Amino acid sequence: MLLLVVGMGDAWAQTASIWDGATKYTTLAAAGITGAGTEASPYIIDNANKFVAFGYLVTNAYWKLTADIDLGGNEWPYSGNNAKTFKGHFDGQGHTVSGLYVYDNPTGLASFVGILEANGKIMNLGVISSYFEGSRVGGISGYTDGKSEIIDCYSDIIGKGDYIGGIVGQGSECKGISNCYSTSELTCTVDFLSAGGIVGEKNSTFPITNCYTTCSTILGLTFNSFESACEAGVSVERFASGEIAYKLNGSTSEGNFVWYQKIGEGGDAYPSLTKAKDNTVYYSPGYLCDGVTADGEMHYSNNGGRY
């Protein structure tokens with residue numbers, strides 16, 4: 001079944017490798033996937049066919065994405081199989097995957113990765129313009145536990161189901177989610193279950209740190225939970241201002257950071273994981289006309305803190 005999902009478009013407009021909806025492989029070698037699957041030599045995904053091979057074959061190893069991927073609204077094979085738990089490391093390197101379609105899987109899991117566990121890690125990835133429907137629905141992972149973690153990721157999906165979150169549907173004991181945001185459109189279909197802008201349900205051993213969402217809540221159901229420096233209901237204006245990109249970087253423009261955004265007319269509506277010319281976000285306090293007294297406003301720019 002094909003589905004066209006319209007996402008945030010120009011915010012991440014790059015040329016993507018598009019799957020033809022038919023090509024499948026039974027081995028990594030047949031798909032032409034290079035690398036050894038180790039931290040020093042990860043498996044490389046540089047086109048849509050190799051990405052689909054990752055979805056079908058699911059090797060718990062180190063993976064790196066080197067191109068944007070578009071499945072064209074075709075069914076994503078990974079998410080709906082409990083046997084396909086991901087225990088490896090997936091580094092999106094700032095790229096996006098789009099056009100994923102998950103509906104009516106036997107397990108109910110609907111996400112980029114159905115289950116993330118056992119020290120698994122997903123980082124530097126955007127999942128956009130996709131449709132996920134089921135039980136335990138998330139933009140990045142349907143269910144997360146076992147000391148796994150999700151870092152520096154974002155989602156802009158349409159999701160429908162129960163235990164549904166913009167990043168994770170349901171989470172238990174793990175390292176948690178940090179420096180992520182979601183602008184996803186989510187619908188909970190069961191009254192006594194839950195939808196949250198970042199996580200649908202979690203327990204006290206699942207931390208959420210420095211995350212942001214346009215949804216009205218960070219969490220749906222929660223048991224003795226805690227969140228640090230997280231915000232729900234963030235307006236599109238605040239996203240466009242550069243404030244959230246700056247905060248996702250730990251409120252700094254120095255050292256190692258991964259979030260970028262072109263601010264101002266013709267700029268980016270939302271933070272990106274792609275570095276480009278003049279898209280580092282700086283912060284500078286504003287001053288009144290005397291040049292001494294702070295005006296109490298927050299100012300963000302791409303020109304070294306000047307505005």
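The model is predicted, so local features need pLDDT of at least 70 and side-chain atom pairs count only at pLDDT 80 or more, while totals for chains, interfaces and linings use all residues. Residues are numbered from 1 along each chain as its sequence is written, and side-chain values use heavy atoms, with hydrogens and water left out.

**Stop 1: Ala31.** Select Ala31, in the loop between strand S1 (17–18) and strand S2 (43–45). Strands (E, at least two residues) and helices (H or I, at least four) are DSSP runs, numbered from the N terminus. Ala31 counts as buried because its relative accessibility is 8%; buried means under 20% relative accessible area, exposed over 50%, and partly exposed in between (1.4 Å probe, protein chains only). Now show Tyr25, Lys50 and Ala53: Ala31 touches these residues, leaving aside those up to four places away in sequence. Contact here means heavy atoms within 4.5 Å.

Stop 2: Most residues other than glycine have a negative phi. Go to Ser129, in strand S9 (residues 121–138), and you will find a positive phi of about 45°. Ser129 is buried because its relative accessibility is 13%. Next, pick Ala229, in the loop between strand S21 (227–228) and helix H2 (236–241); its phi is positive, near 55°.

**Stop 3: the cysteines Cys188 and Cys215.** Is Cys215 buried or exposed? Cys215 is buried, at 18% relative accessible area, whereas Cys188 is partly exposed at 28%. The structure holds 0 disulfides, a disulfide being a pair of cysteine sulfur atoms within 2.5 Å.
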